[in-house]
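Please read the following note with the model open beside you.

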Amino acid sequence: MAHLWTLDQLKSTLDNHPQVKGWIVNEETIQRRERYFLAEKGGALVIDQDREVEVNNLSARLFVKLDDASRQGEVSKKFFYSLPLAPQLDSAIAAGLQTSHQAWPLPTAATELPSVQSADPAIVEDLEGSVSRLTQDIATAVATPRDARFDSAELFLSIHRLTKHLSNGLIHRSLSTRIYVEAAYSCSKQLADGSVFSDEYLDTRWSVRLADVDVAGLFEQAANHARYAVEVSKTEAGRYPVIIHADVLATLFHDQISQLSGSNAYHQLPFVAVGDALIKSTEGDLISLALDPQQPFGADTVAISGQGVPQALLPLVEQNRVVATAADQQFAHYLNLPAPTTVRGTVTVAGGRHSYASLTKAAPQVLEILQFSGLFTDANSGTFGSEIRLARLHDNINGTVRYLKGGSLGGAVQENFKGLKLSDVCVRHSHFDGNNPVGQAYFGPECALLTEVSVAA
Amino acid sequence: MARAPFSTDLHPLRQFLPSLLPVLEAQPGWYGSVYLERKTKLTHTVNLRQSNINDEVSLGVVLRIYDGYTLFEQSSDQLEPEALLQLAQRFAGRVAATPPAAGAIARPYAPVSWSERLQLPLDDEIRVQIPADANAATEVHFGIRCEQDPTRLSNEAILGRLKAIVERTKALAPDAGLAEGDLSFVQAQQRYAIEDALFIDRAVNMSQTLYRIATVLVTMSGPHRAHSVVGGLGGQEVTAGLEDKIAGTLADLAAVRQAELLTPGQYRVLIGPSIAGVLAHEAFGHSQEGDTCARGRSKAWDLFQSGEIVGNQHATILNNPAIFKNGDEDFAAWGSYFFDEEGWLAQEQVLLEAGQLRAPMTNLTSALRLGVPRSANGKRESWANGVYTRQTNTYFSAGDATLAELMQQLGDGFVATQPAGGMEDPKGMGIQVGIQFLQEVRDGKFTGRVFRGPAGGDVQLTGYTPDLLNAIVAKSKIEYTRSDADEAVHPQNKVGGCGKYHKEIVHAGSGGPYMLLAQATLG
């Protein structure tokens, strides 16, 4: 299964093929280390699984000519060096000829691209050493005496190398790193009837660099929340002012980005045009939102888009007014925009004026979500909902704080952001979804207060 | 009916890979195995604006050493024999240099021979494909049955069918009361994959080839959405029914456009098979995953040991990767296979029987840690991901009522169909099941009113799992429109997916009968 051809041969064959209009070739390698930890009977920290992974991908997006010059065919295909090139190419082109898209040109190759910080040099230099260091951090965290039981942890580290080749001559190399750490702690207590009530808390963190992973803090928070989880009462039904934190805000604002995209405009999906208000008839804090592809060590920090367009800071919403559409080369062309814009990067939301403490006192009762069971959102409708896994009720009448569990929270951005209050402290939040090459990056308020959120119980 | 053959171009690798086993078992107490996987996926998409083809292939090998304490894996897509041999030697060196942690308990494992495997109660679809004299050197292959070989269909034919579905959808929209412009987005998509897998250890050399096909129709009107999916394992015949669902999908979309907002509260609900499946999956599916139990993260393990009852006589949940006839259909359910990714043969397993927990599903290491039997639930997102205990097809057992009888028993309440995700809470025993389509019923009849969640999104059914399992009043037959006895053996399992610990996505089927719940929280 030796290599039967080279990348240069693929590119040259594509360049000279009469039916090929353009192409984007991605060469990707991934190195990943994984460890799955748990507590042995007797309490020792042991490794249940220890994995090392190496992935090599060569994939291409080919654009082919159709008889109708206003249309073009398109196919995405993975190529294998170990198989003869011609049959792979022939089948891809034949498939592309069966498809039909409105024609669009690749951009002119950029000559100057920004330099971005998307990888931790320490991980790139010594992956195994970084695994050992974090393993030691986990061992130390597990050994720390706590009022909760350590159950399990996971640790993933990876290095991603991507070289993008475009038929316009652009060749761009990028390097990124990912870290994932999770910790699960549980707690139990005996109830008055003699039965035992137990619950757990799983906390997770994604990041790009080691300095952003606070293993000790993560394990401490998981243990603390596990303790709170056995002190809960049931959530009562009603409409609440609700504090949500950066993890939830990141998802909700990412959903809003899709409604500001050229892709949605073209496909007639829900779209908020330039000049329109993001939140209709709001009385709360006005949202200012941008895509920042150069945010250092963000989960989506890139120099170019998937279509080779240089990425730069793009304000999308200023003081609740939409000021730009996020459109890559293809949809910018379809929509007759003057130029493609930024479609990748950290979703950056300007901080507000409110301290966390003031948000907890913003109403007689304020519900603070510590963890949803599973937040389900609909980017088209802007609705969201989840069971409440763990929450805090700030009762400002009695001056108490109670922990709650259960009940179903349901909301809609257009309704529940009307009285939005954003916190004055901004934080970074990173998330990577399985093997998806594009991460979810957020830099913005650490928390926000939503109003009139429905909770069923 | 033909069976899917093992792809011939993988034969040279199949012959080479056993030569790595001595390296992977170089030290006493090591159990070595090799898993090879190739998934060739073709996705054809047609919408109102464009058509597209995506051709993805994922091919890689996992070298495995279990040293009695830890399962070590080395995954790579560099499949040249010389490179693999070097990789295996480097991997063995890494394992040898990693001593077990202080306090770790040894749990040795020895592979299981064909003669021992044949002692297990296996489905006939599996048994007939194992030669009677199979031994460690026998190349045993399992192929999915298929009537219309999907590998022979051209791109042109598939795209042609999808275009026809999109056109038909547009044409039928006025019949559903949708005016021109109401139908803002229509997309038809076929996802087809050839999934070859090979598992080798010193006792077996077995392969399987599955054809996985699903066709999806998505319709939208502004932010409102309705969709239909047909799919399973088999030939192109698996997706034959989508055209029949166009009118229903459009009717659902028209209804959702007019839907009212639900007042949150406790309601009497008749849940459809796909919602019942998600309930089973989230209730005592995830919490009955052996690795979650071994991590100390599941209440189900405590309840299994204590024997505490957590549901009524209707609360019976099964997991079964060996569903080769799905409901009344003559093809396999979405979550089926012949063996899992650690080489364990598929078998039906009862997870909860009339409210009483049975042993959990397992993968290799969780079975050893818990001291319970292995089951065929060792799965991974891809060869590049780790193996966990995962569900296959999870479903409630069937009852004996017809749907018409259940509607009468429902009286006033709601019928919930079309799931919208779900989430487990293995330790805290909470549950969340999303519902896309909720219809009001009064006096056993549909009123025509449809409801969305209180804020306009999907309705969420939530609660404490034992409360919900004690609220089951009655269950339908598998063939719920007929009054005579079921001919089908397994309840229908729908096309679905499953994430674990908020990542690691795999295929999963889920299903069951219609189930009447006396009371559930909807919000």
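1. About 3,100 Å² is buried between domain 1 of chain A and domain 2 of chain A, and carbon and sulfur atoms give 59% of that area; buried area here is the accessible area (1.4 Å probe) that two parts lose on being put together, summed over both. Gln117(A), Arg178(A) and Trp206(A) supply 20% of what domain 1 of chain A buries against domain 2 of chain A, more than any other three residues.

2. This is a predicted model, in which local features need pLDDT of at least 70 and side-chain atom pairs count only at pLDDT 80 or more, while totals for chains, interfaces and linings use all residues. Residues are numbered from 1 along each chain as its sequence is written, chains are lettered from A and ligands numbered from 1 in the order in which they are written, and side-chain values use heavy atoms, with hydrogens and water left out.

3. In chain A, domain 1 covers 7-230 and domain 2 covers 234-456, with bounds that come from an automatic or database domain assignment. The contact (heavy atoms within 4.5 Å) takes 34 residues from domain 1 of chain A and 37 residues from domain 2 of chain A.

4. Across this interface of domain 1 of chain A and domain 2 of chain A there are two salt bridges, a salt bridge being a side-chain nitrogen of Lys or Arg within 4 Å of a carboxyl oxygen of Asp or Glu. Elsewhere in this note's list of pairs, the side chains of Arg428(A) and Asp212(A) meet in a salt bridge at 3.1 Å, N to O.

5. Over all chains the count comes to 24 aromatic pairs, where rings of Phe, Tyr and Trp (its six-membered ring) pair if their centres lie within 6.5 Å, and planes under 30 degrees apart count as stacked, over 60 as edge-to-face and the rest as tilted. Trp206(A) and Phe432(A) form an edge-to-face pair, 5.5 Å centre to centre with 70° between the planes. Trp206(A) lies in strand E7 of chain A and Phe432(A) in the loop between strand E20 (426-431) and strand E21 (440-445) of chain A, so the pair ties together parts that are 226 residues apart in sequence; strands (E, at least two residues) are DSSP runs, numbered from the N terminus.

6. Between chain A and chain B about 6,700 Å² is buried, of which carbon and sulfur atoms give 46%. The contact takes 77 residues from chain A and 87 residues from chain B. The interface of chain A and chain B has 14 salt bridges, and Asp425(B) and Arg389(A) meet through their side chains in a salt bridge of 3.5 Å, N to O.

Note on methods:
Helix = DSSP H or I, 4+ residues; strand = E, 2+ residues; numbered from the N terminus.
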